[in-house]
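Student: I have a structure open and I'd like to learn how to read it. Can you take me through some features one by one?

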2 protein chains.
Amino acid sequence: MMRPAMAADPTLAQRLLEGDRRALARAITLVENEDPAGYAIVQEIYPHTGRAAVFGLTGPPGVGKSTLIGALTKARRAAGRTVAVLSIDPSSPFTQGAVLGDRIRLTEHFLDPGVFIRSMANRGALGGLSEAALQAALLMDAAGKDDVFLETVGVGQAEVDIIDHADTVVLALMPGSGDSIQALKAGVMEIPDIIVVNKRDHPLTETMVREIRGVLSLAPQRGWRVPIVQTEASRGEGIDELVTKLDEHRAYIEAEGTLSERRRRNLRNEVLALATARLRRRLEEGLEEDEQFARLLDEVVARRTDPATAATALLAKAGTDA
Amino acid sequence: MMRPAMAADPTLAQRLLEGDRRALARAITLVENEDPAGYAIVQEIYPHTGRAAVFGLTGPPGVGKSTLIGALTKARRAAGRTVAVLSIDPSSPFTQGAVLGDRIRLTEHFLDPGVFIRSMANRGALGGLSEAALQAALLMDAAGKDDVFLETVGVGQAEVDIIDHADTVVLALMPGSGDSIQALKAGVMEIPDIIVVNKRDHPLTETMVREIRGVLSLAPQRGWRVPIVQTEASRGEGIDELVTKLDEHRAYIEAEGTLSERRRRNLRNEVLALATARLRRRLEEGLEEDEQFARLLDEVVARRTDPATAATALLAKAGTDA
C-alpha cells in the first residue's frame, strides 16, 4: 500500500520556506517523531533544497567539535551567511551532562535569528536516527540557511556514513587521537576531505600532525589534497584557515563537477537507507507482539531452526519474499 | 518465494560435524560467497551448535589483538581445548601488508590440527560481512571447536555489534587509546564484559588503567564487575589472568542464567539482521541495472521527487509495501 498522500500543513511548509524558525523547529520535530506529516512537509519543500552548502563534522568525543562549530558559526555569520547546525548525538543516559555542556558552548548564537541549532539523540536504531537527520538537513536547507553543519560523535565507519551525506566531510582530531589515526591507517575509516587537529596548544600536536601526514601519504592520491588545519577553537585560532579550506574544497568540487556526482551518490544512498530503515522498522514492529515470531525464536533457541531459515520464514510472513 | 530447499552436500556437512578441517574451510567459503549451499549446510549442522564458548574481541587497530588471540590460543591448547579464530577485517587495500603481518603472528598454530584460523574481509556492506561471520561461527561451533574467537577491528558501535553475538565480549585497548576511552565515556560504545590493556610495558599504562576505572565507575552497576587485565601479549604476560577472567565470566553468565538470555537476544538480533541484510541486498541488486530506478533517481537529483517518496516507490516496486 502506498503511503496515503498526507495533506501537508500548507501554512507550516510555507512558513518554513519563508525562513520562520518556529516552523523549521516544528517540522524537524515531526520528522524526528516519524510523523507522516513530517514527510509530507519534506515532500513539499524538496524542490527548494540543494542550495545550502552541507558540511559534515565528525570525530571522537572530547575533541571539541561543538566549540569548533561555534567558532565556524561565528565566522560564517561575520561573512553574512546564515547557519544551521544539526548535532546527532547517540550518547548514553549517564552522560547527559556532557551533552548539555556541549550545547551551552553554542548559546551565544541562540538569540541570533540567522542561526538555527538543533540536536537529535536516539539510543535506538542508528538507522532511524540517520534517516531523521537527513530529512532535518533538507528542512534546514529549504528554510534558506546558507550553511548546514551536520555533527556526529563517533570513531567508527557508522558515524562517518551519516555525515557522508554532506558535500564536504571534516574529521576533527586532537593530540591523543591515536585510535582514530590507526583506524584511518587501517582503512577502517575512510579518509575525509579535511582534517582538523584541535587543541593545538598541546605539546603533542606536532607528533599528531606528523602521524596524520604519514597516513595521508599512504592513501591513494585523489585530485584533492586533504589539508590538515591546526586550531584552538576555544580561542578562535585557526578558524579563518579552516573556513578558507572549507571554501576551497567547495570551489574544487564545484569546478570538477564532483559536487553533483557526490550529491547523486548521496541521494542514491539516502533513498536506499530510507527504504531499508523502513523495512527493518516494519519487521521489528511486527515482532514485538507477534506470538508466531516468539515461537519461531523458541525454535531457533532450541537449535531446531537455524537463523537463516527463520529469517526466510520471517520475510515470507511479512509478505516480502526474499 | 521461499528459498528452494537446497540439497546440502551430505558428505560435506557430515565431514564438518566429524571435525574435518577442509570441510569446515569449504563450508565457510560457501557462506562467504553467499552460496545457497552454504546456508543449506548451516541449516543441517545447526542442531549441533551451541556447545562452543564464543568470545568476541574488538579494539582499535594496532593494539595487538592478533597477538592476544595467538597467546590465548596457546593457553587454551595447553589446557586441552580446541580453538577456532575468525578475524573480521574490513580494511582497505592499501593496508594488506599489515593484515598479512597480523596473520603471521598466528602461524605457529597453522600446523596444529586443534586450531582453525580464518579471516574474512569485505569492503562492501558490513551487513553482509556480519551475516557471513555469524554463519561461519556456527560452522566452527558445529565442527567441534571448544572455543570460538571472533575478532573485529574497529572503534565504533558497528564493530561492537558484530562481536556482540559472542557470549563474552572483550575490548582490547593500549596506552594511547584515548578515543576509545572517550567513546566508552560518552556512551557511544557499550561497556564490554572484560577490558584488556595490552602493551603494559608502556609508561602510560597506569594512566590508561585509571582512566578506564573512571569510566567504569560512571557506568550503571550490573551484577558483573568488568575486570581490567593488563597484558604484554607478545611475551605471553598476563594471559593466564585473562584466561581466568574469561572462565570467570563464563561461569558467571552460566550460573546467573544470563548466558541463555544473552543467546536468545543474540539469536533474535541475528534473525533480524539476516532478514534486513537480505532485503537490502535485494533492493541494491534490483537497482544496479534497473532503468526505472535510474529515472527515479534522476527525479530525486533534479529535486522533483524527494528521497522518502522515492523510497516508497522503490519498496512498492519491489513488492514490499511499507
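Student: Let's start with A:Gln43: does it count as buried or exposed?

Tutor: This is a predicted model, so keep in mind that we are reading a prediction. To judge burial, you count the C-beta atoms around a residue, and 20 or more within 10 Å makes it buried. A:Gln43 has 20 C-beta neighbours inside 10 Å, so it counts as buried. You'll find A:Gln43 in helix H3 of chain A.

Student: What about the rest of that helix: how many residues of H3 in chain A are buried?

Tutor: Helix H3 covers residues 36–45 of chain A, and 8 of its 10 residues are buried, so the helix is largely enclosed by the rest of the structure. The buried ones are A:Gly38, A:Tyr39, A:Ala40, A:Ile41, A:Val42, A:Gln43, A:Glu44 and A:Ile45. Here's an idea to carry with you: an α-helix has 3.6 residues a turn, so residues three or four places apart point the same way.

Student: How far apart are A:Gln43 and A:Leu138, in sequence and in space?

Tutor: They are 95 residues apart in sequence and 10.0 Å apart in space, going from C-alpha to C-alpha. Now try B:Asp146 and B:Ile212: that pair is 66 residues apart in sequence and 31 Å apart in space.

Student: Where does B:Asp146 sit, and what does it touch?

Tutor: B:Asp146 is in the loop of chain B between helix H6 (126–142) and strand S4 (147–152). Leaving out residues up to four places away in sequence, B:Asp146 touches B:Ala52, B:Ala53, B:Arg81 and B:Thr82. Because 16 other C-beta atoms lie within 10 Å, B:Asp146 is partly exposed.

Student: Which strands does S1 of chain A pair with?

Tutor: S1(A), residues 53–59, pairs in the parallel sense with S4(A), residues 147–153, over 7 bridges. In that pairing, A:Gly59 stands opposite A:Val153. S1(A) also pairs in the parallel sense with S5(A), residues 168–173, over 4 bridges, and there A:Gly56 stands opposite A:Val169. As for S4(A), 6 parallel bridges join it to S2(A), residues 83–88, with A:Val83 opposite A:Asp147.

Student: And which residues lie on each face of S1(A)?

Tutor: In a regular strand the side chains alternate between the two faces of the sheet. In S1(A), one side has A:Ala53, A:Phe55, A:Leu57 and A:Gly59, the other has A:Val54, A:Gly56 and A:Thr58, and all of them are buried.

Student: Now helices against helices. At what angle do H4 and H10 of chain B pack?

Tutor: For a helix pair, look at the angle and the distance between the axes. H4(B), residues 65–78, and H10(B), residues 239–256, pack at about 75° with their axes 10 Å apart. That makes H4(B) roughly perpendicular to H10(B). B:Ala71, B:Leu72 and B:Ala75 of H4(B) make the contact with B:Ile239, B:Asp240, B:Leu242 and B:Val243 of H10(B). These residues divide into 6 nonpolar, no polar and 1 charged.

Student: What is the angle for H8 and H9 of chain B?

Tutor: H8(B), residues 178–185, and H9(B), residues 205–218, pack at about 10°, with axes 9 Å apart. That makes H8(B) roughly parallel to H9(B). Here B:Ile181, B:Leu184 and B:Lys185 meet B:Glu211, B:Ile212, B:Val215 and B:Leu218. The contact has 5 nonpolar, no polar and 2 charged residues.

Student: Last one: which residues touch the most other members of the largest nonpolar core?

Tutor: Of its 183 residues, those are A:Leu16, A:Leu139, A:Met140, B:Leu16, B:Leu139 and B:Met140. Beyond its neighbours within four places in sequence, B:Met140 has contacts that include B:Leu24, B:Phe116 and B:Val148.

Terms used:
Residues are numbered from 1 along each chain as its sequence is written. Chains are lettered from A and ligands numbered from 1 in the order in which they are written. This is a predicted model: local features need pLDDT of at least 70, side-chain atom pairs count only at pLDDT 80 or more; totals for chains, interfaces and linings use all residues. A residue is buried if 20 or more other C-beta atoms lie within 10 Å of its own, exposed if 12 or fewer, and partly exposed in between; C-beta atoms are placed from the backbone. Helices (H or I, at least four residues) and strands (E, at least two) are DSSP runs, numbered from the N terminus. Two strands pair if DSSP finds at least two bridges between them. Two residues are in contact if their C-beta atoms, placed from the backbone, lie within 7 Å. A nonpolar core is a set of buried Ala, Val, Leu, Ile, Met, Phe, Trp, Tyr and Cys residues joined through C-beta atoms within 7 Å. Axes are lines fitted to C-alpha atoms, for helices over the stretch in contact, and angles run from 0 to 180 degrees between N-to-C directions. Angles under 35 degrees count as roughly parallel, over 145 as roughly antiparallel, 65 to 115 as roughly perpendicular and the rest as oblique. Ala, Val, Leu, Ile, Met, Phe, Trp, Tyr, Cys and Pro count as nonpolar, Asp, Glu, Lys and Arg as charged, and the others, Gly among them, as polar.
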